[in-house]
Amino acid sequence: GGYIFSLDKEPDAWYSSYATPNSTNNNKRRFSYVYPNVENIVADQQAYLKSYVDSFENSLAAANFQDPTRGVRNFADLPSFIDYFIVNEVSRNVDGYRISSYFHKDRFSKNGKINAGPVWDYDLAFRNADYCNGSNVEGWSYQFNSVCPSDYFQVPFWWDRFLADTAFKSNLRCRWKSLRNSTLSLSHLYHVIDSVVTVTAEARQRHFQ
């Protein structure tokens, strides 16, 4: 037991059954094997992981997706998706949700649902991208498909669906308010920035040289 899979630029696994929303290419995203990787994962593992992720997507697309026992909560750890959403939106990550997006699934004795994360690849976040509104300080990163509908790597339908879930939105709001009083408070963010300035003082000089 124990899997990591991703949405990235070098897909080597199965295709989603669902087209990406609001895009001109109407493509279906293909997943990637991360652990075990494509060289080491065996057929039974491939079939199991695909079946479970298919069940997750089918439940999310279904009419009863908000059902607490039969809906998407049966397959996904939604608090992890809430944190993943907040990290990508706070950083305005232009790559968020659509590439370099990792997900893990442990054995059922250790919460065998799909978890979002670990987070990865933020070099073009924090206003460091000059395309697809990546440098904007307003708007939403998860709505990338509406901003750049012709880009090949589109955001899957998951996030539009999550935000149509009243409980998900309510829990997201509560999590955001809690973080704004702790990790994401202005005082803590300023402290992090000041500490990074100190740590990178010498490296920044070499970088710009």
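Modeller: Start with helix α4, residues 158-162, in this predicted model. Trp 159 and Phe 162 both lie there, three residues apart, about one turn of the helix.

Colleague: Why is the pair of Trp 159 and Phe 162 called edge-to-face?

Modeller: The ring centres of Trp 159 and Phe 162 are 5.4 Å apart, and rings pair if their centres lie within 6.5 Å. Their planes stand at 70 degrees. Planes over 60 degrees apart count as edge-to-face, so the pair of Trp 159 and Phe 162 takes that name.

Colleague: What makes Trp 159 and Phe 162 count as buried?

Modeller: Buried means under 20% relative accessible area. Trp 159 has 1%, so it counts as buried. Phe 162 has 1% too, so it is also buried.

Colleague: How many aromatic pairs are there by this rule?

Modeller: The count comes to 30. One of them is Phe 5 with Phe 31: centres 5.8 Å apart, planes at 80 degrees, so edge-to-face again.

Colleague: What does the pair of Phe 5 and Phe 31 tie together?

Modeller: Phe 5 lies in strand β1 (residues 3-7), and Phe 31 in the loop between β3 (28-30) and β4 (32-35). Those parts are 26 residues apart in sequence, so the pair ties them together. Phe 5, at 0% relative accessibility, is buried. Phe 31, at 1%, is buried as well.

Colleague: What makes you say that the charged end of Arg 98 sits over the ring of Phe 144?

Modeller: The distance to the ring centre is 4.0 Å, and the cut-off is 6 Å, with a limit of 35 degrees from the ring normal. Lys 105 lies over the face of Tyr 52 in turn, at 4.5 Å from the ring centre.

Colleague: Why is the contact of Asp 95 and Arg 98 called a salt bridge?

Modeller: A salt bridge needs a side-chain nitrogen of Lys or Arg within 4 Å of a carboxyl oxygen of Asp or Glu. The side chains of Asp 95 and Arg 98 meet at 3.4 Å, N to O. Asp 95 is buried, at 5% relative accessible area. Arg 98 is buried too, at 3%. Salt bridges that share partners join Asp 95, Arg 98 and Asp 151 into one network.

Colleague: How many salt bridges are counted?

Modeller: Seven. Among them is Asp 165 with Arg 73, whose closest N and O atoms are 2.9 Å apart. This pair links distant parts of the chain, 92 residues apart: Asp 165 is in the loop between α4 and α5, Arg 73 in the loop between α1 and α2. Asp 165 is buried at 1%, and Arg 73 is buried at 16%.

Colleague: What makes the backbone at Pro 36 and Pro 118 worth a look?

Modeller: Most peptide bonds are trans. A cis bond joins Tyr 35 and Pro 36, with omega about -10 degrees. The bond from Gly 117 to Pro 118 is cis too, with omega near 10 degrees. Pro 36 is in the loop between β4 and α1 (43-61). Pro 118 lies in the loop between β6 (114-116) and α3 (144-147).

Colleague: And what is the phi of Asn 22 and of Asn 111?

Modeller: Most residues other than glycine have a negative phi. Asn 22 has a positive one, about 60 degrees. Asn 111 also has a positive phi of about 60 degrees. Asn 111, at 33% relative accessibility, counts as partly exposed.

Colleague: Last, the spaces. What lines the largest cavity?

Modeller: The cavity has a volume of about 50 Å³. Its lining includes Arg 92, Cys 132, Trp 140 and Phe 144. The lining divides into five nonpolar, two polar and one charged.

Colleague: Which helix gives the largest share of the lining of the largest pocket?

Modeller: α5, with eight residues. That pocket has a volume of about 900 Å³. Of its 32 lining residues, the closest to the centre are Ile 86, Glu 89, Val 90, Ser 91 and Trp 176.

Key
Residues numbered from 1 in each chain as written. Heavy atoms only, no water. 1 Å grid on protein atoms, 1.4 Å probe; cavity = no way out; pocket = protein on both sides within 12 Å on 5 of 7 lines; lining within 4 Å. Points joined across faces, edges and corners; volume = space filled by probe spheres on them. Helix = DSSP H or I, 4+ residues; strand = E, 2+ residues; numbered from the N terminus. Nonpolar A, V, L, I, M, F, W, Y, C, P; charged D, E, K, R; others polar. Phe/Tyr/Trp six-rings, centres within 6.5 Å; stacked < 30°, edge-to-face > 60°. Buried < 20%, exposed > 50% of the residue type's maximum accessible area, 1.4 Å probe, protein only.
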